[in-house]
Amino acid sequence: QKALKQRAYHSFSVIQSNTVPIDSNEHIVNYLFVSLIFFLFATALFRQYSLKKKSNSLTFELGDFFSPWSLTLVIWGGEFLLYFLQGTLDPIGPIFLTNIIIWIGTFIPASLLTFILTKDDSLARPVERGKSIDVNMHLFYALIAVSLLFTILYAKWIYGIVSQFDTEDLLFNIRLYAVYKTESPGILILTQGLNFSLFLTAIWLYPKISKWTIAFIVAINLLLEFSMMEKSGILVMILSTLFVLYEKRTIKLRSIGLTLLGIIVLFFFFNMSKEAKSQDSMDFMDFLGIYVTSPMVAFEKLQITITNGWGVNTFNDVFPYLRYLGIHLESIERLQEFVYVPVPTNVYTIMQPFYNDFGSMGVAVFGLLYGWAAGYAYRKFYDGSNTYKCIYTFLVEVIIIQFYNENLLQQFHIVIETFFFVVLLTATNYKFPTKVKADEVV
């Protein structure tokens, strides 16, 4: 009888050690986060009070429509509105509601407070944010030639791989390669980041360069995106263009809304073109449910990942580069499983990798980190930095599609490549402007 009791105790210990607690008590950590937010707000208010005493006027900047906090509120407000209008999806569950409150409650304060606290008082106000940037033009045109060569070679290389299989499903096979990338293209892996950086700098350079130059760069980007059957690159170009045109005061918010509606319709037909013949086609409402409103419903079905690795969902695209340093960490397949809500979907909002790896605490931590990064980049853009004009333009797409998927760490190599070439182009221009002081006449 004693042996049976001991065996039962050990069995219970094994079960208990492999069970993820559902109602964990983490009140102390929650209080710390709340205290941190209040401390940051108090610091921001004290800073504003100090500025008021200096200049005898209170200037509280909140940015424009494309600020991280404004976009986040509009995106999630629009998501809930579309969900209730569609009315065919499963109910939104408590897990998603809890984590979206955590995400918004950390991302927005962190971004807004970073924007306020990193203000450079030495700069003259107001800064003309829509002004064209300065870049190293010799390097710019040289990289266009390299981009064209790399894009042609990369497209040819992709076709050489997928053409070995059934040509009837050529488009679907291209998409499978884009997801799994079973073979490395070597130095050609830099192509997408190079193309993005040229596009970002080109739209900010105009009218210093001709429309034909911009059209040529767009054509190069489209050639690569269609060669890989990727929608994300096209979305980056569209949203970046809308953002830059808005900041240059060329278009208004109404035009942006109509364009985004057209994008949804365009992507619906683009998605139909890449479906394999063996798969069932979907109508427009199913497409809207899968790609727009279903991710927040599907989030409820996520499970915290239990593996021997650490951060396998969050840093899956980072781990391969650590192997060059002799650090070998567990990674997982990039393609995510479909769930039914009731339409099939395999996207779970920006919070998915953080929740899978670290639970709600991961959502809070990365909400703060992403908020800090977005707020800092927006502040530098707001102050007229050439480099950060391009960097924040790229981040606009990441912030807008937060309802869909995490698109920063999940394409880590493309982000690093894009930022590297942007810095190379903007930081090596031949002009060395001096900082304009606030007390100087503009």
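Ser197 counts as buried in this predicted model, at 0% relative accessibility. The residue sits in helix H7, which covers residues 191-205. Once neighbours within four places in sequence are set aside, Ser197 is in contact with Thr418, Phe421, Val422 and Leu425.

The protein chain as a whole contains 15 helices and two strands. Of its 442 residues, 45% count as buried. Among contacts between residues at least 6 apart in sequence, 79% join residues at least 24 apart.

**Helices H3 and H4**

Two packed helices are described by the angle between their axes and the distance between the axes. For helix H3 (residues 68-86) and helix H4 (residues 94-117), the angle is about 160° and the axes are 9 Å apart. An angle over 145° counts as roughly antiparallel, and H3 and H4 are therefore roughly antiparallel to each other. On the H3 side, the contact is made by Pro68, Trp69, Thr72, Leu73, Trp76 and Phe80. H4 contributes Phe96, Leu97, Ile100, Trp103, Ile104, Phe107, Ile108, Ser111, Leu112 and Phe115. The residues of this contact divide into 14 nonpolar, two polar and no charged.

Thr72, in helix H3, counts as buried at 0% relative accessibility. Leaving out residues up to four places away in sequence, Thr72 touches Ile104, Phe107 and Ile108, and also Ile399 and Gln402. Thr72 and Phe403 are 331 residues apart in sequence, yet their C-alpha atoms are 9.2 Å apart in space.

Helix H14 (residues 386-400) has 15 residues and spans 22 Å from its first C-alpha to its last, close to the 21 Å expected at 1.5 Å a residue. The helix is largely enclosed by the rest of the structure, because 13 of its 15 residues are buried.

Helix H13 (residues 352-382) holds Asn356. This asparagine is buried, with a relative accessible area of 5%. The side chain of Asn356 makes a polar contact with the side chain of Gln352, at 2.7 Å. An α-helix has 3.6 residues a turn, so residues three or four places apart point the same way.

**Backbone exceptions**

Most residues other than glycine have a negative phi, and most peptide bonds are trans. The table lists exceptions of both kinds.

| Site | Feature | Angle |
|---|---|---|
| Tyr206 to Pro207 | cis peptide bond | omega about 15° |
| Val341 to Pro342 | cis peptide bond | omega near 0° |
| Arg249 | positive phi, not a glycine | phi about 60° |
| Thr349 | positive phi, other than glycine | phi near 75° |

Pro207 is found in the loop between H7 and helix H8 (211-228). Pro342 lies in the loop between strand E1 (339-340) and strand E2 (344-345). Arg249 is placed in the loop between helix H9 (232-247) and helix H10 (253-274), while Thr349 lies in the loop between E2 and H13.

Arg249 is exposed, with a relative accessible area of 77%, whereas Thr349 counts as buried at 0% relative accessibility.

Note on methods
Residues are numbered from 1 along each chain as its sequence is written. This is a predicted model: local features need pLDDT of at least 70, side-chain atom pairs count only at pLDDT 80 or more; totals for chains, interfaces and linings use all residues. Side-chain values use heavy atoms; hydrogens and water are left out. Helices (H or I, at least four residues) and strands (E, at least two) are DSSP runs, numbered from the N terminus. The expected span of a helix is 1.5 Å times one less than its number of residues. Buried means under 20% relative accessible area, exposed over 50%, partly exposed in between (1.4 Å probe, protein chains only). A polar contact is a pair of N or O atoms within 3.5 Å; within protein, one must be able to donate a hydrogen and the other to accept it, and residues adjacent in sequence count only if both atoms are side-chain atoms. Axes are lines fitted to C-alpha atoms, for helices over the stretch in contact, and angles run from 0 to 180 degrees between N-to-C directions. Angles under 35 degrees count as roughly parallel, over 145 as roughly antiparallel, 65 to 115 as roughly perpendicular and the rest as oblique. Contact means heavy atoms within 4.5 Å. Ala, Val, Leu, Ile, Met, Phe, Trp, Tyr, Cys and Pro count as nonpolar, Asp, Glu, Lys and Arg as charged, and the others, Gly among them, as polar.
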